[in-house]
Amino acid sequence: MSYPQAATGPVLYDFRSDTVTRPGAAMRAAMAAAEVGDDVWGDDPTVLRLQAVAAEMLGYEAGLFVPSGTQSNLIGLLAHCQRGDEYLVGQDAHTYKYEGGGAAVLGSIQPQPIENAADGTIPLEKLKKALKPDDAHFARTRLLALENTTGGKVLPTDYVRAATDWAHGAGLATHLDGARLFNAAVARQVAPAEIARGFDSVSICLSKGLGAPVGSVLLGSHVLIAQGKRWRKMLGGGMRQAGILAAAGLYALDRHIDRLADDHANASRLADGLSRLPGLTVESQTNMVFVQVAAEHAADFAAYLATQGLLVSSVGSAQRWVTHLDVDTVAVDAALAIAARFFDGR
């Protein structure tokens, strides 16, 4: 995660995140035509359909539509853990690092962060070592939370199976932050349910690569989702005629999953082009390209991109470029040409 620089001219190409997409005419039409009710009362038919479709697609009993991925993850943690419990989580995980400490502040749930390996996994030996004994001196370990993809990396299938099997054997529940679960499924060429397998709950985001303007869905058992609905109300996440938003999510689930392969191909094309430029070290997987810029160029390069209407996320010498449905191959090639001009004659 990084922070975007400001544009100093018209924005031509926005690679900051796959959250910057805007609904197209067909998605807007679906939203305008949505049948709606009052979702707090549970009678918005489009929300009910979205929840049912997502649950069936991922292999769960029920779903809960919420405004954001942060709230979806928080509700999942709150449903699994009580005050004084802890969850095991990666040091770089979104639920730990980028969600405002919500589990601790709002749930009195203690995170036990563990350093991620280079491939995004949390090594099993470290997980086992972090598990607390049943002793009043310690918070009660109740949950393992993983993220897939993490930093654009798809967790190895064998690792996920081993980690979730170990967690369940140790009496822990399992939660998956699947904000980019569909990227993982497309990259692995498997059904989305295969990525969710082994998790008691999963949060999917509709407003990242899938291109909906708002919303996430928490999936789990009927019991967990009933608890989650109560937490959603408490957190202020109950929405009224939310079918207008749910319709965008249904459109995205129906039409925007397979096309994630285009984002992955564009990220690969972008990474290959950037890696040919002097002073740039590039790493890429799925739809994310991470760039380390040589220290002597970092500030000037970021500023130059902004003047050219090309937005990326940048902190110091580290940049993240993300491909999505609003940047095509033409945009990638144009962005590479802009980047190359900076290094001309240097």
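The stops below begin with the domains and end with individual residues of the backbone.

**Before starting**

This is a predicted model, in which local features need pLDDT of at least 70 and side-chain atom pairs count only at pLDDT 80 or more, while totals for chains, interfaces and linings use all residues. Residues are numbered from 1 along each chain as its sequence is written, and side-chain values use heavy atoms, with hydrogens and water left out.

**Stop 1: the two domains**

Select residues 25-255 as domain 1 and residues 259-343 as domain 2; such bounds come from an automatic or database domain assignment. The centres of the two domains, taken over C-alpha atoms, are 29 Å apart. Where they meet, 14 residues of domain 1 are in contact with eleven residues of domain 2, contact meaning heavy atoms within 4.5 Å. About 1,100 Å² is buried between domain 1 and domain 2, and carbon and sulfur atoms give 58% of it. Buried area here is the accessible area (1.4 Å probe) that two parts lose on being put together, summed over both.

How many salt bridges are counted between domain 1 and domain 2? The count is one; the term requires a side-chain nitrogen of Lys or Arg within 4 Å of a carboxyl oxygen of Asp or Glu. Next, select Glu283 and Lys153, whose side chains form a salt bridge at 3.3 Å, N to O.

**Stop 2: the nonpolar cores**

Now display Phe65, Leu146, Leu181, Phe182 and Leu219, which touch the most other members of the largest nonpolar core, a group of 50 residues. Helix H11 (residues 243-255) contributes the most to this core, namely six residues. Helices (H or I, at least four residues) and strands (E, at least two) are DSSP runs, numbered from the N terminus. Another core, of 26 residues, lies apart from it and includes Val293, Tyr304, Val332 and Ala339. A nonpolar core is a set of buried Ala, Val, Leu, Ile, Met, Phe, Trp, Tyr and Cys residues joined through side-chain atoms within 4.5 Å. Buried means under 20% relative accessible area, exposed over 50%, and partly exposed in between (1.4 Å probe, protein chains only).

**Stop 3**

Select Lys208, in the loop between strand S7 (201-205) and strand S8 (216-220). An unreviewed UniProt entry annotates Lys208 as "modified residue: N6-(pyridoxal phosphate)lysine"; UniProt positions are given in the numbering used here, feature names are shortened, and annotations may be inferred rather than shown by experiment. Is Lys208 buried or exposed? Lys208 counts as buried because its relative accessible area is 14%. Not counting residues up to four places away in sequence, Lys208 touches Asp18, Thr19, Thr21, Ala179 and Arg180.

Thr21 is buried, at 8% relative accessibility. With residues up to four places away again left out, Thr21 touches Lys208, Gly211, His324, Leu325 and Asp326.

**Stop 4: the backbone**

Most residues other than glycine have a negative phi, and most peptide bonds are trans. Select Asn148 and Thr149, which are joined by a cis peptide bond with omega of about 5°. Ser108, which is not a glycine, has a positive phi of about 50° and is partly exposed, at 27% relative accessible area. Finish at Gln189, in the loop between helix H8 (181-188) and helix H9 (192-196). Its phi is positive, near 55°, and Gln189 is exposed, at 74% relative accessibility.
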